[in-house]
Amino acid sequence: MGLGWPTEGNPIYLFIAFVPLLYIENYLNSSSFYVLLFSFIPFLIWNGISTWWLSYAKRTNGTFAVEAYLIPVLLNAIFMSIVFCFYSCIKNKYIKDKKIGYTFLICLWILFEKMHLEWELSWPWLNLGNGFANRPKWIQWYEYTGIFGGTVWIWIVNIGLTESIVQYKNDKKVFLFYKRIFINIGIIFFMILISNLIYIKYEDCQCEHTANVLILQPNIDPYSKKYFISTNELVSKLKKLIDKKISKKSMIILAPETMFPMKIQIKDMGRNKIISSFKDYLKNKSPNTVFITGVELATLYHYKNKTKTSIPFFSKKTKKMQWIDVFNSAIQIGNNKNIEFHHKSKLVPAVETFPYKKFFSPILGNILLNFGGTVMELGKENYPSVFQHPYLGIRIAPIICYESVFGEYVSNFFKKNVDLMAILTNDGWWGFSQGHKQHMYYARIRAIENRKYIARSANTGISCFIDEKGEIISYIPYGKEGVLYKKIHLNKKKTFYIKYGDFISKISLLTVIIILLYPITYNLLSQIKKI
């Protein structure tokens, strides 16, 4: 699994990675302890290899936060081994048919991955379908299935190869052994062939709306420079980058996540000096252009209105206790009075939000919030907003950093007739490692699922344009300052995935319920017959 994971890995390894584990489970069916042990070890190694870049995270005092690496690696390995052990227990006690048992495993694993997309400890980074992010030509059918299609594909081949070995050990028939092996290899290449045919036949829409998009990559180190650079210097830097490509044409200009080192109160946005500065700048340079950037927005509350994430402080101005909510947000600034904003909805566990705070806080204190650039829990938006370009009529989905890993969440924007996906991120927290590369590669999956262009602005890189087939058209490498400009084509098409989302997870839930209820129902009916 480690050798197969993006970005440098070859995903062909993913089709054989589970074979040893499945084979061992066949011969440890009487011992839950050993199944748990022999599953935890490989899951721990896989998590450790694939997300080693988490060890680059630093605390606010500049020291490396080892816990930022160890906690998610250990927890995720434990969760994975528990899921696998649960499958083994249920299969051995209640399921006599092997095919039903394997179906239960696949569906159970999909539900585990879906849980990682929805609960407070969300960590869908290693959801199996993400493993093909560096091979977009293999997964063009994700526009129908999303990443869960990749999960099913991986498990089916691994199970098929395992059963080929198990059956050969029982019957010693060499011909049948090779036949079964070739059938499973055929499944791999058949899906790749189908994907390549979709890729070849797919044509970018050239007949609908277009947009001129300018992406900024300021390359500001988030640890040593971001919070020490002066506001005037930062604004000047951004304007110099914009000046390289701005024109009188209507444009969309994108800057990265949390671009400014101070918090802006939502009620004061219209009077904020930075926002007013960019308004005046656009009015003079390009009146029909909008500037979308990441900021930290804040809202003040009195006691009665505070939320569960509100932070208390004593106001010198009012001489009373007040509460503040801070949001990781995106704002759209134009040459009009309205300033649109969107708060990040999918927060990074232990960095931007404290998962299950009531339970863990008494045990861990604030250790989970003491790395990654913040020491407070952020608020979030339950109903994400869409930006409307006031002059072009284009609708833009502002996706902030971690949100781009959540397939169905992103696709819900396109149900609102969104034309363009704009990803604003800051991947400089993990240095020059696999972290920023994996994050960018996962965005390619979103382009395929929704068949929409992506404009991605990253503080330190990689900023890029991604087309509807998941191909990177142009990019600025990590650690380099610069701008990207392109006229991109937009479309209103709604893919099957946009319409139906993670339907595979719903089918999996129903299947798991039926399989779990069957032995109970069967035993109950047997008892009734005896009576």
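Guide: The axes of helix α1 (residues 19–26) and helix α3 (residues 67–94) come within 11 Å and cross at roughly 35°. Axes are lines fitted to C-alpha atoms, for helices over the stretch in contact, and angles run from 0 to 180 degrees between N-to-C directions. Helices (H or I, at least four residues) and strands (E, at least two) are DSSP runs, numbered from the N terminus.

Visitor: Which residues make the contact of α1 and α3?
Guide: Leu21, Leu22 and Glu25 come from α1, and Phe84, Tyr87, Ser88, Lys91 and Asn92 from α3. Contact means heavy atoms within 4.5 Å. Four of these contact residues are nonpolar, two polar and two charged. Ala, Val, Leu, Ile, Met, Phe, Trp, Tyr, Cys and Pro count as nonpolar, Asp, Glu, Lys and Arg as charged, and the others, Gly among them, as polar.

Visitor: Where do these values come from?
Guide: This is a predicted model: local features need pLDDT of at least 70, side-chain atom pairs count only at pLDDT 80 or more, and totals for chains, interfaces and linings use all residues. Residues are numbered from 1 along each chain as its sequence is written, and side-chain values use heavy atoms, with hydrogens and water left out.

Visitor: How many helices and strands are in the protein?
Guide: The protein has 14 helices and 14 strands. Of its 531 residues, 56% are buried. Buried means under 20% relative accessible area, exposed over 50%, partly exposed in between (1.4 Å probe, protein chains only).

Visitor: At what angle do α4 and α6 cross?
Guide: The axes of α4 (residues 98–118) and α6 (residues 147–171) cross at roughly 150° and come within 10 Å. That makes α4 roughly antiparallel to α6. Angles under 35 degrees count as roughly parallel, over 145 as roughly antiparallel, 65 to 115 as roughly perpendicular and the rest as oblique.

Visitor: Which residues of α4 and α6 are in the contact?
Guide: Among them are Trp109, Ile110 and Leu117 of α4, and Phe148, Trp155 and Ile159 of α6. The contact of α4 with α6 has twelve nonpolar residues, one polar and four charged.

Visitor: Phe148: buried or exposed?
Guide: Phe148 counts as buried, at 0% relative accessibility. Not counting residues up to four places away in sequence, Phe148 touches Ile110, Glu113, Lys114, Leu117, Asp502, Ile504 and Ser505. The C-alpha atoms of Phe148 and Gly129 are separated by 5.8 Å, with the two residues 19 apart along the chain.

Visitor: New topic. Which residues of α8 are buried?
Guide: Leu234, Val235, Lys237, Leu238, Lys239, Leu241 and Ile242. What covers them includes β1 (210–217), β2 (251–254), α9 (273–285), β4 (290–301) and β14 (482–489).

Visitor: Which peptide bonds are cis?
Guide: Thr7 lies in the segment before α1. Another joins Gly461 and Ile462, with omega about 5°. Ile462 is in the loop between β11 (454–458) and β12 (463–466).

Visitor: What about phi of Asn219?
Guide: Phi of Asn219 is near 60°, a positive value in a residue other than glycine. Most residues other than glycine have a negative phi, and most peptide bonds are trans. Asn219 is in the loop between β1 and α8 and is partly exposed, with a relative accessible area of 25%.
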